[in-house]
Amino acid sequence: MAGMEQAPATEGAPAIAVAGLRKVYRRTTALHDLSLTVGRGEVFGFLGPNGAGKTTAMKILLGLAHPSAGEARIFGHPVQRRAARQEVGYLPEHFRFHDWLTGEALLDLHGRLAGLDADERRARIPEALERVGLTGRGGERLRGYSKGMTQRLGLAQALIGRPRLVLLDEPTSALDPGGRRTVREVIRDLRTQGTTVFLNSHLLSEVEMVCDRVAVVDRGRVVRAGPLDELLAGSPEVRVTLDRVDEAVMAELARFGQVDGVDATTVTVAVDDAGRAPDIAQAIVQAGYRLHALVPVRRSLEDVFVGLVQGGDR
Amino acid sequence: MKVLAVARLTLAEAAKRRLLLTGGLVSLAFVGLFLAAFWFIDTRATTPEGVMSALASTFLTIFGLYTIYFLTGVLSVFLAAGAVSGDVDNGILHAILARPLSRAQYLFGRWAGLAALVTGYVAVMGGSLLVAAWLFADYVALDPWATMGLLALQALCLLSLALLGSTLLPTVANGVAVLALFGLAWLGGIIGGVGRSVGNETLATIATVVGVAVPSDALWRAASYFAQSPLLLVAGEIPGIPFASTVPPSAAVVTWGLAYPLVALGFAVLAFSRRDL
């Protein structure tokens, strides 16, 4: 740790830089060797099954938990320093607060803690409430808020200090469809403004809708990271429907890629390149089968995710 | 200032949880009872020489202050026992500490808010009692300001100890532990008194060690000295009041009383800064 204290925060440093991060709790290892970089202005999806270490990683980024090894920086500042949290907004997974506070009082407190002066707070509080769809509800006590309203207020709290980096831990899990839409809109607004967003989620469809880049984490390690498009395009599939399926045709198809599944007379094959579809058609017809359909399939993030976290060494 | 924001939140919390209201009402009852006692014992009428009058007034005042000492001790423990552990358990702290706020700043803000409450309580209760004694019985303590200051200091010591415990233990366990230590300090004071009266060095040493670990009783005894009537203190042959001191406190007791909250707060910062939330 002593070495990283001396390195100055640089202007062009990435929003988040994590290298070799390890976190061992008494009995379990939550993070094994986590490394990732999030560029400024990116909307970054951090995906993984429950217990993969997503929340632990986020807590280390916020200085709430201490890493056992490795280093993490935010805008170039080591996360152990207060400066790292200067321009950060955070929505915890289970956002809770003193239920006797009003929404406005809560935002005022967080505005103070974020270092906003009285004028800034007066201007920012109604703005933030409006942003999350709570206009006119700020004077009510949190006790009377529904789960969804509390979560929206939590989001307003994360935005109050005009952060350059927003960390959202499962922001939509407690929300109804309207609330989810609000969160998506807020994230898109943030991207437009050039704010970096780090989104922890296991709701893949949400991630697919808003993220530029993703990392899939499983058992404390990043198993795949990259732009969302690349991840989805990386391993196309072809779905072939025939008059009959037997071992001979399976062997034939296996020449083109791994057979992922068979459903009645439909076989799904993972291929290296979707451009090989005509070759597959030709091979099948030449082998004496009748071809009913041959459809290149774009895999969903869910397919990729399930393939990544359930395959391998589990 | 961020520390101030946390302190304000702590005060608001006490107000919203009706702590101020109920605490105020109960304290009012206490002061009322004390006033009634002074009213009905007409201390001026029965005593030709004034010494008996001073004795009665001193007894009433010392025991009144002793009750305040006990109440503030319990109040300090109750207020601080869950000050940190409670915030950790209910998840409130995550969003707060994700701000550019160090754990030391958070703890100091928490401490300052609670210290303001406890000091205010001592000032109101002790003040009403001493003013009542003065109005109804012309009773003037040796040094009312030192009395109040030392009473507040003993409460701040317990408060700081409970805040330290709150960074390490769950709320209830911490509350039980610090209350037990409060009792231990009380017992230590008695052992010390017995030791001095029979000239037993070992007992006196035990009392000193306990007093260093938890100085609440030692500080109470210091406060009690300044609360007595100068008349009574001059008339040295009159047996001292149990649980009160007829000798002035040593500089070491007062110095340690002043340093203790800072030391406890320092350990609290060390312990809490290392903790994973």
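Me: What makes two residues count as "in contact", and how many residues does the contact take from chain A and chain B?
Reply: Two residues are in contact if their C-beta atoms, placed from the backbone, lie within 7 Å. By that rule, the contact takes 24 residues from chain A and 19 residues from chain B. Do keep in mind that this is a predicted model, where local features need pLDDT of at least 70, side-chain atom pairs count only at pLDDT 80 or more, and totals for chains, interfaces and linings use all residues. Residues are numbered from 1 along each chain as its sequence is written, while chains are lettered from A and ligands numbered from 1 in the order in which they are written.

Me: Which helix gives the largest share of the side of chain A that touches chain B?
Reply: That is helix 3 of chain A, with four residues. Helices (H or I, at least four residues) and strands (E, at least two) are DSSP runs, numbered from the N terminus. The residues on this side of chain A divide into 12 nonpolar, seven polar and five charged. Here Ala, Val, Leu, Ile, Met, Phe, Trp, Tyr, Cys and Pro count as nonpolar, Asp, Glu, Lys and Arg as charged, and the others, Gly among them, as polar.

Me: Why is A:Thr192 called exposed?
Reply: A residue is buried if 20 or more other C-beta atoms lie within 10 Å of its own, exposed if 12 or fewer, and partly exposed in between, with C-beta atoms placed from the backbone. A:Thr192 has 9 within 10 Å, so A:Thr192 is exposed. You will find A:Thr192 in helix 6 (residues 177-192) of chain A.

Me: What makes helix 5 of chain A roughly parallel to helix 6 of chain A?
Reply: Angles under 35 degrees count as roughly parallel, over 145 as roughly antiparallel, 65 to 115 as roughly perpendicular and the rest as oblique. Axes are lines fitted to C-alpha atoms, for helices over the stretch in contact, and angles run from 0 to 180 degrees between N-to-C directions. Helix 5 (residues 147-159) and helix 6 of chain A pack at about 10°, which makes them roughly parallel. Residues making the contact include A:Leu155 of helix 5 and A:Val186 of helix 6.

Me: How do you know that strand 1 and strand 4 of chain A pair?
Reply: Two strands pair if DSSP finds at least two bridges between them. Strand 1 (residues 16-24) and strand 4 (residues 69-74) of chain A have five, in the antiparallel sense. In strand 4 of chain A, A:Ala72 is the bridge partner of A:Val18.
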